[in-house]
Amino acid sequence: MRDVALSLVVLIGLVWTIRRPFVGVLLWEWITLMNPHQLAYGFSRTFQINLLVAVVTLFAWLFSKERKTPPIDANLVLLLLFFMWITIDTFQSVDPTSAWDMWDRVWRLMFFGVLVSMSATSKVRVHALMLVYAMSLLWYGVKGGGFTLMTGGVYRVSGPPNSTIGDNNQLALAILMALPLANYVRLQSANVWVRRIVLAAMIFSVISVIGSYSRGAFIALAGLLGVAWFRSKKKWRYPLVAAAVVIPVLHFMPQSYFGRIDTISNASEDASFQGRVDAWHVALGYATDHFPFGAGFDGPQRPEIFHYYEPGHD
């Protein structure tokens, strides 16, 4: 049933895309961020829905009256230089097969990113892009927050499988990145019920971040709340939110959660943290020795590279 419902939504969206290519841009953004096909159980999980949306959107855009040239600014120039750099780097990568597979994925994301910038020609479109971005990720925030409350915080909140936000750390980071945009959408909405719904989604998303058991996300959440408090004109609001939401949720979480968070104070003794430090050391060492290029995508993970710079470490 989920596959059929998703297929109907995509089909309707593609029909609209033929006349209005920007609809396809929003559809592509939604599928890329939310990965709704990974929530289905049948053919949608293997069928390349996003590729179909991208192709239809591209052809509709080419034959439309939409702007065909991107805005020329420093961001575009830096993006092109970065793309040229990673392309040259991929030619001399340590693991060409894996590197070119990732390169193929990256260039398509970059291309559609440029297409998004060309399509954002009005304030309404910019708001639509922000709304889709925020709601696509806050869906998992609401879902994860409810899951945390219903299970007593015993289990970690993770994202959809086989996606870039499948890991608990990745999902928590994505939700945190969406919170400022969600707040912007809330403040810009004229409908009081929309503002209340978005605010409720943001609260559940904070609970979801806590329920992810991600130590990095916990630190990032504290930093995000600190920045929000610093920039707010009514500084009493955020301590009130913390007292009303964060503190009760933390009191609600099991001891296993605090045992994991407490390892932040002993990061040098934590195997997970030390593994990240070792990975940074390998990447930095290889990049220094082969400046201005590196090992390519996934290159530092190759055993012969990793053990050269970190002998005796797994």
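Trainee: Is Ser-212 buried or exposed?

Mentor: Good place to start, and keep in mind that this is a predicted model. The relative accessible area of Ser-212 is 2%. The cut-off for buried is under 20%, so Ser-212 counts as buried.

Trainee: Where is the place of Ser-212 among the helices?

Mentor: Helix H8 covers 192-211, and helix H9 covers 215-231. Ser-212 belongs to the loop between helix H8 and helix H9.

Trainee: Which backbone oxygen does the side chain of Ser-212 reach?

Mentor: Let's look at the surroundings too. Not counting residues up to four places away in sequence, Ser-212 touches several residues, including Arg-156, Asn-168 and Ala-217. Its side chain also reaches a backbone oxygen at 2.6 Å, and that oxygen belongs to Val-209.

Trainee: Now for another serine: is Ser-119 buried or exposed?

Mentor: Ser-119 sits in helix H5, residues 96-119. Its relative accessible area is 5%. With under 20% as the cut-off, Ser-119 is therefore buried.

Trainee: How far apart in space are Ser-119 and Trp-61, C-alpha to C-alpha?

Mentor: Leaving aside neighbours within four places in sequence, Ser-119 is in contact with Phe-22, Val-25 and Arg-125. As for Trp-61, 58 residues separate it from Ser-119 in sequence. In space, the C-alpha to C-alpha separation of Ser-119 and Trp-61 is 9.3 Å.

Trainee: Which element has the lowest mean pLDDT?

Mentor: The protein averages a pLDDT of 85, and 96% of the residues score at least 70. Among its elements, helix H6 (residues 123-151) has the highest mean, 92. The lowest mean, 76, belongs to residues 237-252, which form helix H10.

Technical notes. Residues numbered from 1 in each chain as written. Predicted model: local features only at pLDDT ≥ 70, side-chain atom pairs only at ≥ 80, totals over all residues. Heavy atoms only, no water. pLDDT = per-residue confidence, 0-100. Helix = DSSP H or I, 4+ residues; strand = E, 2+ residues; numbered from the N terminus. Buried < 20%, exposed > 50% of the residue type's maximum accessible area, 1.4 Å probe, protein only. Polar contact = N/O pair within 3.5 Å; in protein donor to acceptor, adjacent residues only side chain to side chain. Contact = heavy atoms within 4.5 Å.
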